Amino acid sequence: MLAGKPLGSLSLDLDNEWAYLKTHGDPAWESFPSYLDVVVPRFLEILARLQLRVTVFVVGQDAALAKNRAALASIPAAGHEVGNHSFHHEPWLQDYSAARIEAEIVSATDAIVQATGVRPTGFRGPGFSLTRSTLETLARYGYRYDCSTFPTYIGPLARAYYFMTAKLTPEERERRKALFGSVADGLRPLRTYRWDLGEQSLIEIPVTTFPIFKIPIHFIYILYIASVAPPLALPYFRAALLTCRALGIAPSLLLHPLDFLAGEDVSTLAFFPAMQLKRSRKLAVLERALDIYRELFEVVTVGEHAASIERSPAAPRVAPRFAS
Ligand SMILES: [Zn+2]
């Protein structure tokens, strides 16, 4: 009898054009420029062709705007899970009071229900920011899982690169001082577990990085490698996934809208890594990478991944520890 493929999950953080401009310090964000009408049909078509269902983490602010409703409603209609990616997409939740975090999560939940008819049960913090009160709020409001941890050592490097390219005032720099996390984030587990919150608990599905080395393997990095050292991109990706399989780690990989867009689609974000790749080349590499993922793993939504942990009494319990 053939053994089944091991489980892996796939998600997409639906960061909109304005969210990138906002983090980058560009005032053009204030009119909420959106590329959802372009990118949503594009990724739905590609995922349907590859027979993949994913979890799409939606930003509450987008769900609250009438102009985005049709694009957002088409996501669950195509069979994908909808998750919560905060309301304002401000990647510095660690600076927020418990009340403000609660407002972020609840207002985003309400806006997402309004726009899509679906109540999310999973959360990913903007820029992988996560706090204890975020976990407690999620558990209190009936969420089943969080997937905001990103166990990598390269966070501080990514931040240095970002500070070099962004246009920020000293105050804006101060707010973003913890962006992309600290070296200590690299010590967080790659395997799934339960956050121990006293009476309650919440499943944690970490964003997978290369086991042992803890360097990123999600698609934005694969596409970046494809733009600077083309022959390395897919072998690197395959090696990471084979290592996960060898170590019995169920991966959870992450897509972004910019994986499906090129500089020719969205000129305001042409400065981003891998945006200079031609659209046809970029989509060809992305589809090949998704195909490798499918070949090695049974790819499911993050909610389905969480359900498999809920059924497993062996999942370790971890006490939440955060720098702030
Ligand atoms: Zn995001």
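**Exercise 1. Which residue is the bridge partner of serine 11 in β2?**

Solution. In β2, serine 11 has threonine 55 as its bridge partner. This is a predicted model, where local features need pLDDT of at least 70, side-chain atom pairs count only at pLDDT 80 or more, and totals for chains, interfaces and linings use all residues. Residues are numbered from 1 along each chain as its sequence is written, and side-chain values use heavy atoms, with hydrogens and water left out.

Next, take the strands. β1 and strand β2 (residues 55–58) run parallel and share three bridges. Strands pair if DSSP finds at least two bridges between them. Strands are DSSP runs of E with at least two residues, helices are runs of H or I with at least four, and both are numbered from the N terminus.

**Exercise 2. Find the other strands that pair with β1, and state how β1 is enclosed.**

Solution. Start with strand β8 (residues 252–255): four bridges join it to β1, in parallel. Leucine 10 faces leucine 253 there. Then take strand β9 (residues 298–300), which is parallel to β1 over three bridges. Serine 9 has valine 300 as its partner in β9.

Last, look at burial. Buried means under 20% relative accessible area, exposed means over 50%, and partly exposed is in between (1.4 Å probe, protein chains only). Six of the seven residues of β1 (residues 7–13) are buried, so the rest of the structure largely encloses this strand.

**Exercise 3. Describe the salt bridge of aspartate 13.**

Solution. A salt bridge needs a side-chain nitrogen of Lys or Arg within 4 Å of a carboxyl oxygen of Asp or Glu. Aspartate 13 bonds in this way with arginine 124, and the closest N and O atoms are 2.7 Å apart. The pair links distant parts of the chain: aspartate 13 is in strand β1, and arginine 124 is in the loop between β4 (122–123) and α6 (132–140), 111 residues apart. Now check burial. Aspartate 13 is buried at 3% relative accessible area. Arginine 124 is buried too, at 0%.

**Exercise 4. Where do glutamate 102 and arginine 140 lie?**

Solution. Their side chains form a salt bridge of 3.3 Å, N to O. Glutamate 102 is in helix α5 (residues 98–116) and arginine 140 is in helix α6, so the pair ties together parts 38 residues apart in sequence. Glutamate 102 is partly exposed at 25% relative accessibility. Arginine 140 is partly exposed at 48%. The whole structure has 15 salt bridges.

**Exercise 5. Classify two aromatic pairs by their geometry.**

Solution. Rings of Phe, Tyr and Trp (its six-membered ring) pair if their centres lie within 6.5 Å; planes under 30 degrees apart are stacked, over 60 edge-to-face, and the rest tilted. The count comes to 12 aromatic pairs. Tryptophan 18 and phenylalanine 32 are edge-to-face, at 5.1 Å centre to centre with 90° between the planes. Both tryptophan 18 and phenylalanine 32 are buried. Phenylalanine 210 and tyrosine 236 are tilted, at 5.7 Å and 50°. They link distant parts of the chain: phenylalanine 210 is in the loop between β7 and α9, tyrosine 236 in helix α10 (residues 233–247), 26 residues apart. Phenylalanine 210 and tyrosine 236 are both buried.
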